[in-house]
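Here is a briefing on one protein model.

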Amino acid sequence: MHSRIRKFLSYYKPYLGLLFADMVCAFIVSVVTLILPLCTRYITKNVLEANAPNALNQIYGIGAFMLALVVVYTVCNVFVDYRGHMMGAMMESDMRRELFEHYQNLSFGFYDEQKTGQLMTRLTNDLFGLSELYHHGPEDLAIAFLKFFGAFIILMSINVQFTLMIFFFIPIMGAYAFYFNKRMNIALRRSKDIIGDINAQVEDTLAGIRVVKSFTNEAVEKKKFAYENKRFVDSRREGHKSEAYFSNGLIAFTQLITIAVVIFGGAAIVRDALDLSDLLTYLLYIGILIEPIQRLLNFARLYQEGVTGFSRFMDVLE
């Protein structure tokens, strides 16, 4: 197991500089996301509510600062999306080259026991999932933890009780999302196995097409293919059903949190326990709190898919 972990991490070695730059940009993106609502709070609380004498100049100055932050955010996000994905693609290419060269050295006995379609799937689909894990894994974890704990600390500094009320929804939402995310992972894994079976079925049919036509077995081959194709559709049906419950459930939870913030925040304002500017700040941070959960669940999906692909990859190398 430890040797496989070392092997998994070894593919980062040629791209450590790019990985470091990607993580720095991810950190900047998280920080900028957390700062922007604070700028809005400063304008509403320290400028507008306080009736500052130079209010207009302060608003324009903070607006310019926010525009600069958006430019930095966009540049860093473009770097993460483009260079990060290219890092994953290059690592995928390295693994594909290693696996293909390994295929050349295997014995005839190995190929007698293996289906060509499954070997092709290990060389293509499985490694694509690994590419996504290599790129999005560290990035999603870093951004999720920074945004989640950063937002929690900022909101706790504003109002402890109100923040704890909002975060009461988070474990429930996490448990709901984890359940349906797990169902999606099972369906995705089944689909990947079935794709390998479809590839194997097509390879067998096309490789022996002369024999098929000679014995007029087209109907038999169509029936075999239709069976595998139906299995694939059934697996995707379960996956799409779970995905629908997953995504729409998260949207519903987001709306529930928004309603709770508006109702209880409005009541707190009436009791002079909360300022209007603070209520606006909480509303802005709701979206920031949802994204880390989505990123962690996306990481869980990529991890499941990537580890499955890496295990199949290592089974051949070993």
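E139 sits in helix α6, residues 125–158. Helices here are DSSP runs of H or I with at least four residues, numbered from the N terminus. The model is predicted: local features need pLDDT of at least 70, side-chain atom pairs count only at pLDDT 80 or more, and totals for chains, interfaces and linings use all residues. Residues are numbered from 1 along each chain as its sequence is written, and side-chain values use heavy atoms, with hydrogens and water left out.

**Residues in α6**

- E139 has 4% relative accessibility, so E139 counts as buried. The cut-offs are under 20% relative accessible area for buried, over 50% for exposed, and partly exposed in between, with a 1.4 Å probe and protein chains only.
- Neighbours within four places in sequence aside, E139 is in contact with D22, M23, A26, V80 and R295. Contact means heavy atoms within 4.5 Å.
- M156 also has its place in helix α6. M156 is partly exposed because its relative accessible area is 24%.
- Not counting residues up to four places away in sequence, M156 touches T163 and L164.
- M156 and I5 are 151 residues apart in sequence, and their C-alpha atoms are 38 Å apart in space.

**Nonpolar cores**

- A nonpolar core is a set of buried Ala, Val, Leu, Ile, Met, Phe, Trp, Tyr and Cys residues joined through side-chain atoms within 4.5 Å.
- The largest such core has 32 residues, and I257, V261 and Y282 have the most contacts inside it.
- Elements giving two or more residues to this core are α6, α7 (160–167), α8 (169–207), α10 (218–270) and α11 (276–317). The biggest share comes from α11, with nine residues.
- V261 is in contact with F162, I166, G266, L279, Y282, L283 and I286, leaving aside neighbours within four places in sequence.
- A second, separate core has 25 residues, including Y11, L99, V316 and L317.

**Helix α2 against α11**

- Two packed helices are described by the angle between their axes and the distance between the axes.
- The axes of α2 (residues 16–48) and α11 come within 9 Å and cross at roughly 165°. That makes α2 roughly antiparallel to α11.
- Axes are lines fitted to C-alpha atoms, for helices over the stretch in contact, with angles from 0 to 180 degrees between N-to-C directions. Angles over 145 degrees count as roughly antiparallel, under 35 as roughly parallel, 65 to 115 as roughly perpendicular and the rest as oblique.
- The contact of α2 with α11 has seven nonpolar, five polar and three charged residues. Ala, Val, Leu, Ile, Met, Phe, Trp, Tyr, Cys and Pro count as nonpolar, Asp, Glu, Lys and Arg as charged, and the others, Gly among them, as polar.
- On the α2 side, the residues are T33, L34, P37, L38, T40, R41, T44 and K45. They meet S277, D278, L280, T281, L284, Y285 and I288 in α11.

**Helix α2 against α3**

- The axes of α2 and α3 (residues 55–105) come within 8 Å and cross at roughly 160°. The two helices are therefore roughly antiparallel to each other.
- By class, the contact of α2 with α3 has 28 nonpolar, five polar and two charged residues.
- I28 lies in α2. With a relative accessible area of 27%, I28 is partly exposed.
- I28 is in contact with V72 and C76, neighbours within four places in sequence aside.
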